[in-house]
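Subject: Structure handover

Hello,

Please find the structure below. My notes on it follow.

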Amino acid sequence: MLWPYVTPGIPDDLFERLPGIPMSKREVRLLLLSHLRLQADSVVWDIGAGTGTIAVETGLLCPKGRIIAVERDEEVASLIRRNCDRFDLDNVEVIEGSAPECLKNLPQRPHRVCIEGGRPIKVILQEVWRYLQPHGRVVATAGNLENLYAISEGFAELQVRNIEVVQSAVNRLETRGLSQTFAAVNPIFILSGEKLD
């Protein structure tokens, strides 16, 4: 078994990758997962699933749940499927489609939504909110100021409750030549909140 632990935080190098396709780094992934507040039977939508790291981790953490990973690019969707196969997951379904248009066709309303990409992100957030079950949670990431503003505005307009905002600041030990130095992992904002109605 590739990851025989119940602890999340699978090392990045255990995932198959494609050049130029974003991947949530392990430390950032741990923050994301903690904000999702998963249960064993959660239905999770992972929008802009990229390499599939969140889909894999949530699939392992929610053995009775259902994870729906949305990715618009066919080659990237295949990558997510391969990564799910690497971890023997059968509770992750990969949907090839563009958010927000494809969301109306997804099979189950989610308890939890992770938005890691997509344009325009505010429109995706507003559409996701329509399908999110009461007492559900949404977690969205922003790697730039424009997305941070867009998500913040969206949260305010939708009256998202119990909002939390965290900015990651992670440094990893790396060997460069004969020296060991700390290299920064790109900082990212993680915004989360609840739908209480």
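Is the crossing of α1 and α2 left-handed or right-handed? The crossing is right-handed; a crossing counts as right-handed if the near helix is turned clockwise from the far one by less than a right angle, and as left-handed if anticlockwise.

This is a predicted model, in which local features need pLDDT of at least 70, side-chain atom pairs count only at pLDDT 80 or more, and totals for chains, interfaces and linings use all residues. Residues are numbered from 1 along each chain as its sequence is written, and side-chain values use heavy atoms, with hydrogens and water left out.

On the α1 side, the contact (heavy atoms within 4.5 Å) is made by Arg 29, Leu 32, Leu 33 and Leu 36, and on the α2 side by Thr 53, Ile 54, Glu 57, Thr 58 and Leu 61. Helix α1 covers residues 26–36 and helix α2 residues 53–61; helices are DSSP runs of H or I, at least four residues. Their axes cross at roughly 50° and come within 11 Å, the axes being lines fitted to C-alpha atoms over the stretch in contact, with angles from 0 to 180 degrees between N-to-C directions.

Cysteines

There are 0 disulfides, a disulfide being a pair of cysteine sulfur atoms within 2.5 Å. For Cys 62, the closest cysteine sulfur is that of Cys 114, 12 Å away and too far for a bond. Cys 84 is in no disulfide either, and its nearest cysteine sulfur, in Cys 62, is 13 Å away. Cys 62 is buried at 0% relative accessibility, and Cys 84 is buried at 4% (buried: under 20% relative accessible area, 1.4 Å probe, protein chains only).

Regards

Methods. Helices (H or I, at least four residues) and strands (E, at least two) are DSSP runs, numbered from the N terminus. Buried means under 20% relative accessible area, exposed over 50%, partly exposed in between (1.4 Å probe, protein chains only).
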